[in-house]
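Hi,

Here is the structure I promised to pass on.

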Amino acid sequence: ITSLTGCAAVVANSRGLEGQPATLTPRSGTYQDLLALPPPAGQIYASIYDFRDLTGQYKPAPASTFSTAVTQGAASMLTGALADSGWFIPLERVGLQNLLTERRIIRAEFERFGQPDTLPSLRAASVMLEGGIIAYESNIRTGGAGVEYFGIGTSGQYQVDQVTVNLRAIEISTGKILANVTTTKTIYSRELRAGFYRFIDFSRLLEAEAGYTNNEPVQLAVMAAIEASVIHLVAKGVTAGLWKLREGVQLEGTILDVYLNAPTPLL
């Protein structure tokens, strides 16, 4: 009876989490690096038409075969990362048809009331950003350990997945690829279990078990990879002379310098 009461308490507490209010999405350290970028000489107008899932991966069984392994909203993540970096001014292109429809409605209103058409033209982009989520690999590394003695035991398992993002900047006038970066983010999943069983009487067996699982959200890993790709894109552009830091700002000692000199780990 005591064990059943304890199980009921655990389940009740887990259900209580459903009543938590909505909060802002938690961000990784990469986002803080993005906000800490040194200021540019001038912001760059950038267009993003799409940033698709190119992996073709679906969630493993028993999940639905129509549920993809990675988010389909990467274009929105990239748009947010560009705006937050302070280096780019993203222009609406994903919903361009909706924007054009609204502009036609405004012009129809001008014509209806006999007013002059004062609607300014859309802003042209300086660069176009292309790319996508190009790889999602599961079970890159797996492992675990456990021990049991006299009916008391504990065990743990872990799994490492990996998502890869590609981002490139294209000069619109010539179609030349100005800079190209590929970033990778690992995704960790952990499981811990503990339990014991023991005969407390000739025909009575006491058994208890508890466990904990922590799965890193895939969409947060994708967001971190996109943010890192934007930082690396800015760094490559600065070193190649494609865009410049604000006058008087030196590259040394900044976040860009850290990313440029960071070693690439071997898998």
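**What I found**

Strands S4 (residues 127-149) and S5 (residues 152-171) pair in the antiparallel sense over 19 bridges. Strands here are DSSP E runs of at least two residues and helices are H or I runs of at least four, numbered from the N terminus; two strands pair if DSSP finds at least two bridges between them.

This is a predicted model, in which local features need pLDDT of at least 70 and side-chain atom pairs count only at pLDDT 80 or more, while totals for chains, interfaces and linings use all residues. Residues are numbered from 1 along each chain as its sequence is written, and side-chain values use heavy atoms, leaving out hydrogens and water.

Back to the strands: Val147 sits opposite Thr154 in S5. S4 and S5 make a hairpin with 2 residues between them, and Phe150 in that turn has a positive phi of about 55°. S5 is also joined to S6 (residues 177-201), antiparallel, by 19 bridges; there, Gly153 has Gly195 as its bridge partner.

Beyond four places in sequence, Ile226 is in contact (heavy atoms within 4.5 Å) with residues including Phe51, Met77 and Val165.

Average pLDDT (the predictor's confidence in each residue, from 0 to 100) is 88, but it stays under 50 over residues 1-5.

Best wishes
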